[in-house]
Amino acid sequence: MEIRREQLAVDPLKCNGCQQCLMACSMKHQGNVNPGLALLKILRLEVQKVDVPVICMACDNAPCIKVCPMNARVRQENGTVITNTDVCIGCRACVYICPVGSPLVNPYTGQTMTCDMCQDDETGPWCVTACREGALKISKDDALTKGVLRERAERSRAIYPNNFRTNQP
Amino acid sequence: MKVVIVGNGIAGNRVAAELRERDREMEICILSAEAVPEYDPCSLPYYLAGNIGKKDVFKKTVDDYKRLNIDVMFNSKAVSINPEAKSVTTEEGVEIGYDKLVLAHGGALFFPPIEGIRNAGVFSCKQMSEMEKLEAHKGRKAVVIGSGAIGIEAAEALKKRGYEVHIIELLGWILPVLFDEPTARLLETAMEGYGIHLHTGEKVLQIKGDKAVSSVVTDKREIECDTVVVATGVIPGTALAKTAQIETGRGIKVNRQMETSVADIYACGDCVETFDACTEETVMFQLKHNAIEQAQIVAGNILGDHVKYLGAYAFARVHFFNTHASTFGKTMRATACLLGKSELIEKQSGNDYLRVVLLDGKVLGGQAIGRYADAMGAFIGAMWRKDDLDQLRAKWSKIPQAGAAAAWPLIRLGQLIGAAAP
């Protein structure tokens, strides 16, 4: 598996749910400050008091690309997967198959939308700039080696109930 | 090496694309039974509904094949294979030699033996050529026979075109393979709200009309109509494989490398019979994502990777105007015959409904409508990993903050099923 050059990394322990990232994202992509139009969302885990920024992780083996009846989910050059709004018919298959439930439905068009890491902006993703807590970061080079990824995966794996086994190719 | 691919659909083209990406020299030949370049059958109903233009249905143009150096033969239906001579013969009698053969010709629509089913005005919804006829047809009252995913999508498309639509289903509720009765009933209510007439538990006896369809007779009523759409399922094409003495069951039998019982012949897509990734039982899910994954395995094995297929899984979504529903894995009805302690988690708030089927505490399937469907992916993940939900229910609220941050999908899963704990 080839590791991408850059990846948006999320640290829920640092996130305080302030929604600055949502504002920045909607401003960048929709020209309008409206958290409901942002390409990411913040999930609140009330019991543990954790805020999780939920964002498209651009899986290498992305199931959304395979299930889309319109082939509207397309891989960009920078590795992100976005919805081609010319053909998306708003069936939400990508929302339902996504392991993290990251695609969001545009309330005006009914089409889905996911993070493109602000690929046309040289200054980098706006949400990263907007996040004062350091919960959203760009990971690259040393922070994105196989060892680091494996270690992170182990951390979450330790929490899962027994009989954990990976089955996906 | 020369690879011949029978079938110009999703699976066939995927094999060709994967091979070409890694091997510039390989000779690739696609035999297409149809006259058009690759298109996506999944998007045909949306073309019919007018959501998209005709060009968006196509995934390739004739030039794309040239650019990729793939030799494609249109209107060439393969009719027999000679595994000793390593050749395929088409309907016109053209013989094509191969080093590796890939069967990806999919399935054919099942036409139930009903009187009048070949009348003018009876359409199907599986192929481009059929869809064009339906698109050009001008009617105002349509009967859809069968309420599988294709039937429901066709019904929505026809409704959008201004038809009065009736759906006839032989079994007790709509989408009987994908949904259990309670979920289907909620969908039925929603669809009736959009003005669709549903007749479940009815058997079509006859399609009346000489030149054009005039009515459909069921065991309970006669419905006047000018259009009939047959959507009673797809049967895998095994006739071609049988000419080479390839083992077949319901579909072509393949091993985990997607090889058939005859050397150098692979099969993938709608025509194969494969196994469920989670329960290991023999299944036939004729779904797009399975076709793509199988095609990747075929391409990998042709190139000598020795990759193994991990199994097919059921995942489908149905939408009707603003009602969205999703399903994966097995239904409660299909679970009834399995040994073990089966359990049902149900949640409902307003029009949103969640139904998760557990067997011995492990997720086996689920269905959801509305808001709950957005979290379907978390349950699919739990099914893949075989998470023990009994443990999860007992523990999720006690997982500390750091753990929650690392494995938040698990907490979300716990939240969703939490209130339903016994």
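1. Start with a residue pair in chain B. B:Ile207 has B:Val216 of β14(B) as its bridge partner. The model is predicted. Strand β13 (residues 204-208) of chain B and strand β14 (residues 215-218) of chain B run antiparallel, and four bridges join them.

2. Look next at the link between these two strands. β13(B) and β14(B) form a hairpin with six residues between the strands. B:Gly209 takes a positive phi there, near 120°.

3. Follow the chain onward from β14(B). Over three bridges, β14(B) pairs with strand β15 (residues 222-224) of chain B in the antiparallel sense. These strands, too, form a hairpin, with three residues between them. B:Val216 has B:Ile223 as its bridge partner in β15(B).

4. Three strands form it, in the order β4-β5-β6, and the pairing is antiparallel. Why does one side of β4 and of β6 lack a neighbour in the sheet? Both β4 (78-82) and β6 (95-97) of chain B stand at the edges, each with a single partner strand, so one side of each is left without a neighbour. From one strand to the next, the twist averages 25°.

5. Within that sheet, β4(B) and strand β5 (residues 87-90) of chain B run antiparallel and are joined by four bridges. The bridge partner of B:Ser80 in β5(B) is B:Thr89.

6. Now the helices of chain B. Helix α1 (residues 10-22) and helix α8 (residues 288-302) of chain B pack at an angle of about 35°. Their axes are 8 Å apart. The crossing of α1(B) and α8(B) is right-handed. From α1(B), the residues making the contact include B:Ile10, B:Val15 and B:Leu19. From α8(B), they include B:Ala291, B:Ile292 and B:Val298. By class, this contact has ten nonpolar, two polar and three charged residues.

7. Last, the two chains together. How many residues of each chain are in contact with the other? On chain A there are 39, and on chain B 47. Five elements of chain A give two or more residues to the side that touches chain B: β2 (41-45), β3 (50-54), α2 (63-67), α3 (93-97) and α5 (146-157). α3(A) gives the most, with four residues. By class, this side of chain A has 26 nonpolar, eight polar and five charged residues.

Conventions. Residues are numbered from 1 along each chain as its sequence is written. Chains are lettered from A and ligands numbered from 1 in the order in which they are written. This is a predicted model: local features need pLDDT of at least 70, side-chain atom pairs count only at pLDDT 80 or more; totals for chains, interfaces and linings use all residues. Two residues are in contact if their C-beta atoms, placed from the backbone, lie within 7 Å. Ala, Val, Leu, Ile, Met, Phe, Trp, Tyr, Cys and Pro count as nonpolar, Asp, Glu, Lys and Arg as charged, and the others, Gly among them, as polar. Two strands pair if DSSP finds at least two bridges between them. Axes are lines fitted to C-alpha atoms, for helices over the stretch in contact, and angles run from 0 to 180 degrees between N-to-C directions. A crossing is left-handed if the near helix is turned anticlockwise from the far one by less than a right angle, and right-handed if clockwise.
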